[in-house]
Amino acid sequence: MSIPAVSFRLLGSFEIRHNDATIPLGGKPRCLLAALLLGTGQRVSTDYLVEVVWGASPPHNPRASLYSYVMRARKALSCAGLNPNQLYNINEGYGLNIGTADLDVTRFNRYRTQAADARNDGDQHTELASLNLALDLWRGSALQDIPSDLLQGGPAQQLEEARLAVLQR
């Protein structure tokens, strides 16, 4: 399976990769984009994003600040060769449409499913190959440089539990 020209990595340090280059995006816009990537293709509420980015201490006008981070994230998407409008506003929230092949979390889950299917079919070789492909995607702890208690306490922990389950196979 070939790696797409644009890829998003959450299984370790957050990265946006375009061909062999890393697209810079720091701080709070990185938290915002990580939350949208975890909910890719789905509406993520503005209230949830405010909590992801600032926790219990949002600024005076969090929606305006959030919008400025959306604009920075769109600029990063554009630098990666994507249409910045793939990050869109919808019904008191935002969505992100990147295509499932571009996200390491999606590939990890696909390999886990392939391994389970192979195990059910009695194909140990394919099961082990799929598990190894899943583990090869990891470059450290999930979301390791995303300073969001909400993401660290939920999605990152779930991803780490999934990785542990693969390691135990």
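Visitor: How many bridges join strand β5 to β6, and which way do the two strands run?

Guide: Three bridges join β5, which covers residues 87-89, to β6, and the two strands run antiparallel. Please keep in mind as we go that this is a predicted model. One of the pairings can be named, for Tyr 88 has Gly 95 in β6 as its bridge partner. Between the strands of this hairpin lie three residues, and Asn 91 takes a positive phi near 40° there.

Visitor: Which other strand is joined to β6, and in what order do the strands of the sheet stand?

Guide: Strand β4, residues 44-45, is joined to β6 by two bridges, again in an antiparallel arrangement, and Val 44 stands opposite Tyr 94.

Visitor: What can you tell me about the pairing of β1 with β2?

Guide: These strands run antiparallel and are joined by four bridges, with Ser 7 standing opposite Arg 17 in β2. Their hairpin has five residues between the strands, and Gly 12 takes a positive phi near 135° in it. Strand β2 covers residues 15-18 and includes Glu 15.

Visitor: Is Glu 15 buried or exposed, and which residues does Glu 15 touch?

Guide: Here the cut-off matters, since a residue is called buried when its relative accessible area is under 20%. Glu 15 counts as buried because its relative accessibility is 18%. Not counting residues up to four places away in sequence, Glu 15 touches Ser 7, Phe 8, Arg 9, Thr 22 and Arg 139.

Visitor: Which residues of α5 are buried, and where do they lie around the helix?

Guide: An α-helix has 3.6 residues a turn, so residues three or four places apart point the same way. In α5 the buried residues are Glu 127, Ser 130, Leu 131 and Ala 134. Seen down the helix axis they fall within an arc of 100°, so they line one face of α5. These buried residues pack against α4 (104-120) and α7 (155-168), whereas the face turned away from them carries the exposed residues His 125 and Asp 136.

Visitor: How many residues does the largest nonpolar core have, and which elements contribute to it?

Guide: This core has 50 residues, and those with the most contacts inside it are Phe 8, Phe 14, Ile 16, Leu 32, Leu 33, Leu 37 and Leu 87. The elements that give two or more residues to it include β1, α1, α3, β6 and α7, and the largest share, seven residues, comes from α1. Leaving aside neighbours within four places in sequence, Leu 33 is in contact with Phe 14, Ile 16, Leu 25, Ala 73, Leu 87 and Leu 96.

Visitor: How many aromatic pairs are there, and how are the rings of Phe 108 and Trp 138 arranged?

Guide: The count comes to two aromatic pairs. Phe 108 and Trp 138 form an edge-to-face pair, with 5.5 Å from centre to centre and 80° between the planes. The pair links distant parts of the chain, 30 residues apart, since Phe 108 is in helix α4 and Trp 138 is in the loop between α5 and α6. Phe 108 is buried, with a relative accessible area of 0%, and Trp 138 also counts as buried, at 10%.

Visitor: Which residues are in contact with Leu 159?

Guide: Leu 159 lies in helix α7 and is buried, with a relative accessible area of 8%. Leaving aside neighbours within four places in sequence, Leu 159 is in contact with Leu 11, Leu 38, Val 105, Trp 138 and Ala 142.

Technical notes
Residues are numbered from 1 along each chain as its sequence is written. This is a predicted model: local features need pLDDT of at least 70, side-chain atom pairs count only at pLDDT 80 or more; totals for chains, interfaces and linings use all residues. Side-chain values use heavy atoms; hydrogens and water are left out. Buried means under 20% relative accessible area, exposed over 50%, partly exposed in between (1.4 Å probe, protein chains only). Contact means heavy atoms within 4.5 Å. The arc is that of the directions from the helix axis to the C-beta atoms. A nonpolar core is a set of buried Ala, Val, Leu, Ile, Met, Phe, Trp, Tyr and Cys residues joined through side-chain atoms within 4.5 Å. Two strands pair if DSSP finds at least two bridges between them. Rings of Phe, Tyr and Trp (its six-membered ring) pair if their centres lie within 6.5 Å; planes under 30 degrees apart count as stacked, over 60 as edge-to-face and the rest as tilted.
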